[in-house]
Amino acid sequence: MEKSDVNIQLGRKTSNYDPTAWGDFFITYNSPNHMISKEQLSIRTKEVKERLIKMILSKTDTCEVINLIDTVEHLGIGYHFEKEINCVMQNIDISKFESDALHDVALRFRILRQHGFHVSADEFLKFKDQNGNFKAKLGEDVRGLLSLYNAAHLMVHGEGILEEAISFTREHLSRNVGILKSSLRSQVLRALKSPLPRMMKRLEARFYIEEYEEEEFKNDLVLEFAKLDFNLVQSLHCEELKAITLWWNELNLKETLSYSRDRITECYFWILGIYFEPHFSRARIISTKVISLLSILDDTFDIYGTLEECRLLTNAIQRWDERATEMIPDYLKDYYLKILNTAEEVESELQPSKKYRISYFKESFKIMAEAYLQEAEWYARDYVPNVDERKEHSIISSGYPVMCCIAFVGMEEVATKEAFEWASSIPKVIRASAEVARFTDDILGYEREHKLGQVASTFDCYMKQYNATKEETTIRFYSWIEDAWMTMNQECLKPTVVSQTLTEIVVNFARMMQVVYTHSEDGYNKCENLKEFITLVLLNPFHF
């Protein structure tokens, strides 16, 4: 039963969010001096890159080429060789391939699918016995098992053989992990928690550079380039985060918005998972600012704002006019103006031909305010929607559809007007990414949200509608998450409506849920849980 409008209580809730784990750390932080200047680092990086280009293009053996491409991409330096890799991938797709080694077959399958090529899962039929089971002797090939396990997570709907492959490989990898050498053991343990196709690329590169150094047949030139590039890019990231933290401090959260989560460093880390490459610097800064402002908006509607205040703020955002500050509470005035001013700053940075993008920036805040207000209205009236209604709404309130649009705002020509229209229509791949985000958050945030007293989540709605236990609901939600991943895998296969660069950004949003919520156990809210990964990516360079 709903409450009548006159009986709605307008009291504030209280939060128990952890304080910031970083504060002003990155404002004063200076990257350590490793006996080599940035200029020297850049010169050496360029020299090594030129040698690696020749190496990639000169390889003729398919297995060697595939392994080199995988190594380069796994180490986080693939963006330097996109043109060369794309050229080579066309040849790999059409070249005859006769290897019967599990690792080779699985790696070729994964690399082709990662690049959007259609390749049949029937490739793995040769590894089954006459009873239709994977051959028992494969359980001894740990390297091959790991390759198959990672490859199988790029399956699309209807590929039962890859579902079987995941069950088979997970069982044998779990059984053998204790006897593996340290570098391979680390990769297996990490993959069992987050398969390679679902891992944050920058963090995975940080782990793998150290592991690759231990490999017997490593390529020293590739390793040197990976370390050089990681350090150079890490220095850029720290400079960006310093500027963003200074911008963030202008909000004076401790004084006026003390109820909200102070998570600017975590927001930046989240966006690093979307795109870490240097040429996305402007886009990264814009996206971090927006996601941090939306986080405050979320907390205002969820925790502190009364229903009437939420309505007033929503109306002001719809008007998008400085004069609207007269209609909102004093504690929200500076925040509201910060949103408007940030939009003006972003617009001033855009070339004339790209200024149309600011309309998508503004629309993102309008959409999110309306979505959050709807949830505030539901909570105020004790309304529990049915599962379908809640799922549809939670796709929007997850923030992922609007953040995909925002992620394009600071990009170059690859983000066309058509790409913005495509993203705004919430195509299947964006919807699936949002489903991974929302359902993962619902599973891991169930207890926390109940303590805070928030609107019924899709998780709550499912339990009520189907009289299901928490365990039964969790199983159902994980099946929905797997369905969403299969949809994303399908939608990333060629031909795609937009550039693969853009679909990869969409998938990266889903990947970040694995790191922030699964690996770090709700790391955005419990920020200490995320501190180790942030330290690895931003504060731990490689030594020579």
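# Cavity, pockets and a buried helix

Seven helices each give at least two residues to the lining of the largest cavity: H12 (264–272), H13 (281–304), H16 (358–380), H17 (387–397), H18 (400–409), H20 (428–452) and H23 (500–519). Helices are DSSP runs of H or I with at least four residues, and strands are E runs of at least two, numbered from the N terminus. This is a predicted model, where local features need pLDDT of at least 70, side-chain atom pairs need 80 or more, and totals for chains, interfaces and linings use all residues. Residues are numbered from 1 along each chain as its sequence is written, and side-chain values use heavy atoms, without hydrogens or water.

**Confidence**
- The protein averages a pLDDT (the predictor's confidence in each residue, from 0 to 100) of 93, and 96% of the residues score at least 70.
- Over residues 1–10, pLDDT stays under 50. The model has 15 contacts (heavy atoms within 4.5 Å) for residues 1–10 beyond four places in sequence.

**The cavity**
- The whole structure holds one cavity of 30 Å³ or more. On a 1 Å grid over the protein atoms alone, a cavity is a set of points where a 1.4 Å probe fits but cannot get out; a pocket is an open set with protein on both sides within 12 Å along at least five of seven lines; lining residues have an atom within 4 Å of a point.
- The volume of the largest cavity is about 600 Å³. Volume is the space filled by probe spheres set on grid points, which are joined across faces, edges and corners.
- Its lining has 32 residues, and Asp-298, Ser-397, Ser-398, Arg-438 and Asp-441 lie nearest the centre.
- That lining divides into 14 nonpolar, seven polar and eleven charged residues. Nonpolar means Ala, Val, Leu, Ile, Met, Phe, Trp, Tyr, Cys and Pro; charged means Asp, Glu, Lys and Arg; the others, Gly among them, are polar.

- The largest pocket has a volume of about 1200 Å³. It is lined by 48 residues, with Glu-73, Glu-82, Lys-201, Glu-277 and Glu-504 closest to its centre.
- H3, H4, H5, H9 (201–213), H22 (470–491) and H23 give two or more residues each to this lining. H23 gives the most, with eight.
- The lining of the largest pocket splits into 22 nonpolar, 15 polar and eleven charged residues.
- The second largest pocket has a volume of about 900 Å³. Among its 33 lining residues, Asn-67, His-103, Arg-143, Tyr-208 and Glu-215 are closest to its centre.
- H3 supplies the largest share of the lining of the second largest pocket, seven residues.

**Helix H5**
- H5 (residues 102–114) has 13 residues and reaches 18 Å from first C-alpha to last. That is close to the 18 Å expected at 1.5 Å a residue, a span taken as 1.5 Å times one less than the number of residues.
- Twelve of the 13 residues of H5 are buried, so the rest of the structure largely encloses it. Buried means under 20% relative accessible area, exposed over 50%, and partly exposed in between (1.4 Å probe, protein chains only).
- The buried residues of H5 pack against H3 (62–74), H4 (82–94), H6 (142–152) and H7 (160–176).
- Just after H5, Gly-116 takes a positive phi of about 85°.

**Two buried residues**
- His-153 lies in the loop between H6 and H7. At 5% relative accessibility, it counts as buried.
- Beyond four places in sequence, His-153 touches Ile-166, Arg-170, Pro-195, Pro-197, Arg-198 and Asn-489.
- Leu-241 sits in helix H10 (residues 220–249). Leu-241 is buried, with a relative accessible area of 0%.
- Beyond four places in sequence, Leu-241 touches Phe-26, Ile-264, Thr-265, Tyr-268 and Leu-538.
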